[in-house]
Amino acid sequence: MSNRVPEPPDLDPDAPLESVSGRGLVDRTVLEHVELVEPIGIVRNASVSMSRIAGAALKDATLPGLRVIDSRFVGADCSGATCVDARLIRCVIESCKCVGFDTRGATLRDVRFHECKMPDAFMHESTLDRVWFEACNLDGLDLSGSMLDRVTIRGCEARGLRLLNTRISLLDLRGSRIDHLAIDPGSVRHLIIDPVQAPALTESLGARVVDQHEDI
């Protein structure tokens, strides 16, 4: 396995799981081997492992300090969820709606987002290590002030991606739309892009890209 490919969760996608309602959960709840579908609401420092999250379990939820390990989000609606200081370890987030998803100060390690709709998601001052976004809508994603190590954004709509004051060791953007990228000039050397993306990156640094025969 490439050292940039996320380690998959230790959970069989087809594993039978006990369905548990998110209603009535209390702070510091510990859940294992369950499936969450119904809305959770406000719960602090909850821990979820070897589980599946689906339906509207996280929609508009407030879950500071959430810990999710070896779990799968499948077709879940996480729009408007606030998960400040969360930790997501070895998770797959598949075909989820995450509009405005707020994970400020979170740690994401070995996480794969696939075919997710997450415009205007807010990951300010977060730590992402071996995180893979594939075929996602990331328009307006804010990663300002974050630390990015071995992060891949592949085949995504990522217009307006914000990378200001972001510490980047490696960010692979090949195959994605990166118009209106906001990035510090010193961070560019840590990016991997394809030739098609070069004009967008050049313009983000303040240069104008014009044909040599065009009047200006």
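In strand S10 (residues 147-154), Thr 152 is the bridge partner of Trp 132, where strands are DSSP runs of type E with at least two residues, helices are runs of H or I with at least four residues, and both are numbered from the N terminus. This is a predicted model, in which local features need pLDDT of at least 70 and side-chain atom pairs count only at pLDDT 80 or more, while totals for chains, interfaces and linings use all residues. Residues are numbered from 1 along each chain as its sequence is written, and side-chain values use heavy atoms, with hydrogens and water left out.

Strand S9 (residues 127-134) pairs with S10 in the parallel sense over seven bridges, and pairing here requires that DSSP finds at least two bridges between two strands. Strand S8 (residues 107-114) also runs parallel to S9, and seven bridges join them; Arg 109 stands opposite Asp 129 in S9. How many of the eight residues of S9 are buried? Six of them are, and the strand is described as mostly covered, where buried means under 20% relative accessible area, exposed means over 50%, and partly exposed lies in between, with a 1.4 Å probe and protein chains only.

## Residues in the loops

Asn 45 lies in the loop between strand S3 (34-36) and strand S4 (47-49), and its phi is near 55 degrees, a positive value in a residue other than glycine. With a relative accessible area of 35%, Asn 45 is partly exposed. Glu 115, found in the loop between S8 and S9, likewise has a positive phi near 55 degrees although the residue is not glycine, and its relative accessible area of 43% makes Glu 115 partly exposed.

Gly 55 belongs to the loop between strand S5 (52-53) and strand S6 (67-74), and it is partly exposed, with a relative accessible area of 29%. Leaving aside residues up to four places away in sequence, Gly 55 touches Val 37, Val 74, Gly 75, Ala 76 and Asp 77, a contact being heavy atoms within 4.5 Å. The C-alpha atoms of Gly 55 and Ala 106 are separated by 23 Å, and these two residues are 51 residues apart along the chain.

## Salt bridges

Side chains of opposite charge can pair when their charged atoms come close. A search of the whole structure finds 18 salt bridges, each defined as a side-chain nitrogen of Lys or Arg within 4 Å of a carboxyl oxygen of Asp or Glu. One of these joins Arg 52 to Glu 35, with the closest N and O atoms 3.3 Å apart. Because Arg 52 lies in strand S5 and Glu 35 in strand S3, the pair ties together parts that are 17 residues apart in sequence. Both Arg 52 and Glu 35 are buried.

Asp 149 and Arg 150 also meet through their side chains in a salt bridge, at 4.0 Å from N to O; Asp 149 is partly exposed at 31% relative accessible area, and Arg 150 is partly exposed at 22%. Is Asp 172 buried or partly exposed? Asp 172 counts as buried, because its relative accessibility is 0%, whereas Arg 174, at 33%, counts as partly exposed.
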